[in-house]
Amino acid sequence: MPSSRRPTYAPPKRNSPPAASSSKAPEPEPRPSGTPDGDARPDVITASRSLPDQAGAHKPAKGEERPGATVLAFPEPKGRRRRKHILAALGTVVALVVGLLVAAIYSPVLALQTVAVTGTHYVTPAQVQSALEPLRGKPLPQISDDEVRGLLGPLVQVKSVSVEAHPPSTLAVAVHERVPVALIKQGEQYQLVDVDGVQLATTDDPATASLPVIDGGAGAIGQDLFRATAAVLAALPADVLAKLSNASAQSVDAVELKLVDGQTIVWGNASEKELKAKVLAALLKAPVDPKNPVKVYDVSVPRHPVTR
């Protein structure tokens, strides 16, 4: 252990004048009080320094105040506290919403039990319900429109559907069927077809359908002529369509229609079909002169129709 004795420094002794000759020995100088024996003098200069911490000396632990230290505690800013509270509240809300969504998606309480069908004419509600039977027992939030359309795909009469979930257990399906625009004779029967040529139903009596017959059908006149003729028929109002007897086309630009009373409608091509349909409906409602009956209605140029 190092010594704690303070170092001392003593200046050299001054040259003292020779002692006067005397037979009496000089008396010793008085020693300063508290000085050790030795060569110390009253004018001794001393120096000292602080010793370093000794090994094993106690050091303040982390967080422990050092002796004589002053710690100032500043309050947390209000803006930071407010942000913490807002984030905590948002986290709680998000957790609740996610929990509710998961519960709704997988909850057996919302399992499908009933399929309500509307808009059917050529198919029956029972056919639609039977096609959607694989969905029974499945939670409503898990049923998509694409899944319903896929299951109803084999029913060719169904063109599109609208689906709505009515909790807790009902699925409302609104069916939009294809609209028949003509009859095609196949042997002794007549097929009801839409504008795309899709067969929707069959009948033995064409009078029950009140639709025109397309001469030759899609197979005989070709797909292009069939589509042109069917597009014309699809544009006609229901009351005009009911008056038609048959339809034919020599080319896509020469579509002709026959009325049940023998009159001919020169339609032309499929352009401006909505305008042509309105003009034809107005011509058919116009008064007729019994002495000069109209045999031909030409609406191929709808802004300048001709009757003869």
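Aspartate 146 is exposed, at 54% relative accessibility, where exposed denotes over 50% relative accessible area, buried under 20%, and partly exposed the range in between, computed with a 1.4 Å probe on protein chains only. The model is predicted, and local features therefore need pLDDT of at least 70, side-chain atom pairs count only at pLDDT 80 or more, and totals for chains, interfaces and linings use all residues. Residues are numbered from 1 along each chain as its sequence is written, and side-chain values use heavy atoms, with hydrogens and water left out.

The partner of aspartate 146 is arginine 149, and the two side chains meet in a salt bridge of 2.5 Å, N to O. Such a bridge is defined as a side-chain nitrogen of Lys or Arg within 4 Å of a carboxyl oxygen of Asp or Glu. Side chains of opposite charge can pair when their charged atoms come close. Both residues belong to helix 3 (residues 145-151), where they are three residues apart, about one turn of the helix. Helices (H or I, at least four residues) and strands (E, at least two) are DSSP runs numbered from the N terminus. Arginine 149 has a relative accessible area of 39% and is thus partly exposed.

The structure holds seven salt bridges. One of them joins the side chains of lysine 138 and glutamate 147 at 3.0 Å, N to O. Lysine 138 is partly exposed at 24% relative accessibility, and glutamate 147 is partly exposed at 27%. Another is formed by glutamate 272 and arginine 303, whose closest N and O atoms are 2.5 Å apart. Glutamate 272 lies in the loop between strand 12 (264-268) and helix 7 (273-285), and arginine 303 in the loop between strand 13 (296-298) and strand 14 (306-307), so this pair ties together parts that are 31 residues apart in sequence. Arginine 303 is exposed, with a relative accessible area of 57%, whereas glutamate 272 is partly exposed at 35%. Salt bridges also link Arg178, Asp194 and Asp196 in a network.

Three of them form an open sheet in the order 3-5-4, with mixed pairing; two strands pair if DSSP finds at least two bridges between them. Strand 3 (114-118) and strand 4 (158-166) are the edge strands, each pairing on one side only. From one strand to the next the twist averages 25 degrees, with axes taken as lines fitted to C-alpha atoms and angles running from 0 to 180 degrees between N-to-C directions. Strand 3 and strand 5 (residues 170-177) run parallel and are joined by five bridges. Alanine 116 stands opposite alanine 172 in strand 5.

Helix 5 (residues 223-235) comprises 13 residues and reaches 18 Å from its first C-alpha to its last, close to the 18 Å expected at 1.5 Å a residue; the expected span is 1.5 Å times one less than the number of residues. Buried residues in helix 5 include Leu225, Phe226, Val232 and Leu233.

A search of the whole structure finds one cavity of 30 Å³ or more. The largest cavity has a volume of about 30 Å³, and its lining consists of Asp239, Val240, Lys243, Ala281, Leu284 and Lys285. The elements that give two or more residues to this lining are helix 6 (238-241) and helix 7. Helix 7 supplies the largest share, three residues. On a 1 Å grid over the protein atoms alone, a cavity is a set of points where a 1.4 Å probe fits but cannot get out, and lining residues have an atom within 4 Å of a point.

Key: On a 1 Å grid over the protein atoms alone, a cavity is a set of points where a 1.4 Å probe fits but cannot get out, and a pocket is an open set with protein on both sides within 12 Å along at least five of seven lines; lining residues have an atom within 4 Å of a point. Grid points are joined across faces, edges and corners, and a volume is the space filled by probe spheres set on the points.
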